Amino acid sequence: MCPVYVSGLIGPGDRKSIQPMAERVAPGSYDQLHHFVSAGVWNAAAVETELLVQADKLVGGRDAVLVIDDTTILKKGRHSVGVAPQYCSTLGKIANCQTLVSLTLARGEVPVMLSLRLFLPESWTLDRSRLKRAGVPVEYRKPRTKAEIALAEIDRVIAAGVRFGCVLADAGYGPNVQFRNGLTARKLTWALGIPCQIRVYPAGVKMIWPVARRGPPRRYSLPDTPAVAAEDMLAQATWQTISWRTGTKGKLKARFAAVRVRVADGPRRGIRGKTWQCVPGGEAWLVGEHRASGEKKYYLANLPENTSLRTLAETIKGRWICEQAHQQLKEELGLDHFEGRSWQGLHRHALMTMIAYAFLQFRRLAAAKRKKKNQRSAAPAKLARRTARHSRALRPTTATAVSSLPKLAIQSAAA
């Protein structure tokens, strides 16, 4: 039933839930289709791994990016797995919805969705009977943050051999110290959005041992300069207008600035009798973006120290592609049309939508490759025809040709 289900998702029709799909692509097979996605005995993990392998073949490489984000599905009631009042990115406010942590692999503005994993709010993880009724596997019943889910999925992607150069995420993940440290521990390059209040130190900050005027000697060193907010650190920086790609309305551009900093994410210490602050952690790029609309965004990136501002800007802005993928999965392939309530049914439906999306991207890339190949093969023939016409139009008579030769050539011929 897998090809039937995927055909139903790709085919025409406004509604991509099981009943209308069965009526369009497999009349009389509603029960089989429902059993396949909700209760059928088959190994989804093996299919998920094969999806990763095929996605890597399509768009994997050192110049690819792995985008971490989440997407929401609006739901009524309280029985569908993971549904709860929480922030809904679709509406921009708190609403009753499900939240899926997503991983998208993209290269050359071609995204392929790798993973969609449900986030369980506290109202679910504290209710064991509710988890059991929804069929949540035991290993997923413990509380996990979105960042922890993302790191677990990154490990699965890496284990499958998927190739990518940089991990991108928005300000929902960037402020999480454990998430940043987890990416660094995995030796990954990352560029993450952060709020403007995150505190940073200058890259040249030094740790000194202050002399105690009274009492016992100090037990630990302290930074020689205080931490400041990210926006204050960039206040005196040099800003430059950079265009990173061409959109439907022309070139997309904004003003960027970047400085090397050390993030205040080390151990908390009492500094100079003030409130407890974190000491300097690892060194990174602090990047600011001022958009034409007046909106200001800030980012941290552990790209090499010699990275240019243009490369930083282009890398950071590569995150937009996941939003396009989310929109297409919902509007064209029915990601948010599933009407079941179980954990297994939701994740199998999401897996089928990702397979359908990867198949469409495969067809898109194959068509683009054929078109490019035809253009290359047609170019020599077109040039030959143009040359022949040009030669016939300009072909001189023998007398004219001889008279047009240089005198030295005529003399050589006569000799």
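A crossing is called right-handed if the near helix is turned clockwise from the far one by less than a right angle, and left-handed if anticlockwise. With that in hand, some notes on the chain.

1. Ground rules first. This is a predicted model, where local features need pLDDT of at least 70 and side-chain atom pairs count only at pLDDT 80 or more, while totals for chains, interfaces and linings use all residues. Numbering starts from 1 along each chain as its sequence is written, and side-chain values use heavy atoms, with hydrogens and water left out.

2. The overall picture: the chain has 14 helices and 16 strands, taken as DSSP runs numbered from the N terminus (helices H or I, at least four residues; strands E, at least two). Of its 415 residues, 44% count as buried, meaning under 20% relative accessible area with a 1.4 Å probe and protein chains only (exposed is over 50%, partly exposed in between). Take the contacts (heavy atoms within 4.5 Å) between residues at least 6 apart in sequence: 63% of them join residues at least 24 apart.

3. H7 and H8 are the pair that needs the opening definition. H7 (residues 146-159) passes H8 (residues 177-185) in a right-handed crossing. Their axes come within 9 Å and cross at roughly 15 degrees, which makes H7 roughly parallel to H8. For axes, read lines fitted to C-alpha atoms, for helices over the stretch in contact, with angles from 0 to 180 degrees between N-to-C directions. Angles under 35 degrees count as roughly parallel, over 145 as roughly antiparallel, 65 to 115 as roughly perpendicular and the rest as oblique. On the H7 side you'll find Ala 147, Ala 150, Leu 151 and Ile 154, meeting Gln 178, Phe 179, Gly 182 and Leu 183 of H8. That contact has six nonpolar, two polar and no charged residues (nonpolar: Ala, Val, Leu, Ile, Met, Phe, Trp, Tyr, Cys and Pro; charged: Asp, Glu, Lys and Arg; polar: the others, Gly among them).

4. H1 (residues 2-10) and H3 (residues 30-38) have axes that come within 10 Å and cross at roughly 100 degrees, so H1 is roughly perpendicular to H3. Cys 2, Val 4 and Tyr 5 of H1 meet Leu 33, Phe 36 and Val 37 of H3; by class, that is six nonpolar residues, no polar and no charged.

5. H1 also packs on H2 (residues 18-25), at about 100 degrees with the axes 9 Å apart. So H1 is roughly perpendicular to H2.

6. Tyr 5 is worth a click. Leaving aside residues up to four places away in sequence, Tyr 5 touches Ile 18, Met 21, Leu 33, Phe 36, Val 37, Phe 338, His 349 and Met 352. In the largest nonpolar core, which has 81 residues, Tyr 5, Ile 68 and Phe 179 touch the most other members. Such a core is a set of buried Ala, Val, Leu, Ile, Met, Phe, Trp, Tyr and Cys residues joined through side-chain atoms within 4.5 Å.

7. Glu 48 counts as buried, at 16% relative accessibility, and touches Arg 117, Arg 156 and Leu 351, not counting residues up to four places away in sequence.

8. Finally, Leu 303 sits in the loop between S16 (296-301) and H10 (309-316). Leu 303 is buried, with a relative accessible area of 8%. Leu 303 and Trp 190 are 113 residues apart in sequence, yet 7.0 Å apart in space, C-alpha to C-alpha.
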